[in-house]
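Hi,

Here is the structure I promised to pass on. Have a look at it first, and then read my notes below.

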Amino acid sequence: MNKGFLNSFHSVHETQILDAESATNFGIGNYFITHSKSELIKKFADLEIGIKLADPVDTIIEKLKLFVSDYQPKEQYPDDKYCKESILQAIISFNQGGFGIGAILVDEKGEIIFKSHNSQIQRHRSDLHAEMTLLSDFEESPLAKKYMNVFTYKEVLTVYSSTEPCPMCLTRMTVAGVNNKYCSSGPDDGMNERTEGLPPYWKNLTEKYPCQKAKSSMMLQKIAHLMFYSGYLDNRWG
Ligand SMILES: [Zn+2]
């Protein structure tokens, strides 16, 4: 994700995207697109978790981190525990100077086996979105031997992303043969709602290894979204 990429989508696809969002986002309109630092900070304050409009950036993130760390997953939202962990990874990345997107890898028993986050800024790499960092570091780790045959996975693992994957990450996850669930929609850059345009081979792969919206609380969806846009807080996108 980078800001220029987002801007190009704003200009070309915004009308279409807002229509799709209003139909799917629980009647809260276009919440899942944020256009400016002031809009972002207002949304942080509107969470009603103690963040104030005048809080400095460090304080906003610290209050958010405390809230998410203490958040108790809700029984009616089975993916809450995984979305919480992916958001905590997003916060780690932000505090390292990176973009606020996290991802975790979960095995067939529901155990979290690997965690990571976007590291494009930290590692000076164009490809290291959260899901790409997660899978690349996992595959290079000693743990991968237990789960992999050459470059495919022995069992179907699931990546939980804090926000909807982009085209690159969705493709990478299908190549790896992992499923994906994401906490908040990416109406101006997410790929899941746009797989119809893929070549047949790749479209089949996305059906074999599906990418789906996670079942998580609206509070976690909102926080994941705000962390996605957290680069606005200190003009990190440049
Ligand atoms: Zn990506």
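**What covers helix α6**

The buried residues of α6 are covered by, among others, β1 (102-106), β2 (112-117), α7 (144-147), β5 (158-163) and α8 (167-176). Helices (H or I, at least four residues) and strands (E, at least two) are DSSP runs, numbered from the N terminus. "Buried" is a count: a residue is buried if 20 or more other C-beta atoms lie within 10 Å of its own, exposed if 12 or fewer, and partly exposed in between, with C-beta atoms placed from the backbone. In α6 (residues 130-139), 7 of the 10 residues are buried, so the helix is largely enclosed by the rest of the structure. Those residues are Ala-130, Glu-131, Met-132, Thr-133, Leu-134, Leu-135 and Phe-138.

Two notes before going further. This is a predicted model, in which local features need pLDDT of at least 70 and side-chain atom pairs count only at pLDDT 80 or more, while totals for chains, interfaces and linings use all residues. Residues are numbered from 1 along each chain as its sequence is written.

**The whole protein**

The protein has 10 helices and 7 strands, and 39% of its 238 residues are buried. I call two residues in contact if their C-beta atoms, placed from the backbone, lie within 7 Å. Of the contacts with a separation of 6 or more, 60% are between residues 24 or more positions apart.

**Two helix pairs**

Helix α3 (residues 57-70) packs with helix α4 (residues 80-95) at an angle of about 155°, and their axes are 10 Å apart. Axes here are lines fitted to C-alpha atoms, for helices over the stretch in contact, and angles run from 0 to 180 degrees between N-to-C directions. Angles under 35 degrees count as roughly parallel, over 145 as roughly antiparallel, 65 to 115 as roughly perpendicular and the rest as oblique. That is why α3 and α4 are roughly antiparallel to each other. On the α3 side the contact is made by Ile-61, Leu-64, Lys-65, Val-68 and Ser-69, and on the α4 side by Lys-84, Ile-87, Leu-88, Ile-91, Phe-94 and Asn-95. By type, these contact residues are 7 nonpolar, 2 polar and 2 charged (Ala, Val, Leu, Ile, Met, Phe, Trp, Tyr, Cys and Pro count as nonpolar, Asp, Glu, Lys and Arg as charged, and the others, Gly among them, as polar).

α8 and helix α9 (residues 200-208) pack at about 75°, with axes 9 Å apart, and are therefore roughly perpendicular to each other. Leu-170, Thr-171 and Thr-174 of α8 meet Trp-202, Leu-205 and Thr-206 of α9. This contact divides into 3 nonpolar, 3 polar and no charged residues.

**The core**

Which residues touch the most other members of the largest nonpolar core? In this set of 48 residues they are Ile-87, Ala-224 and Met-227. (A nonpolar core is a set of buried Ala, Val, Leu, Ile, Met, Phe, Trp, Tyr and Cys residues joined through C-beta atoms within 7 Å.) Neighbours within four places in sequence aside, Met-227 is in contact with Ile-87, Ala-90, Ile-91, Phe-94, Gly-100 and Ser-162.

Glu-48 lies in the loop between α2 (37-46) and α3. Its phi is near 60°, a positive value in a residue other than glycine. Glu-48 counts as exposed because it has 7 C-beta neighbours inside 10 Å.

Asn-235, in the segment after α10 (218-228), has a phi near 55°, also positive in a residue other than glycine.
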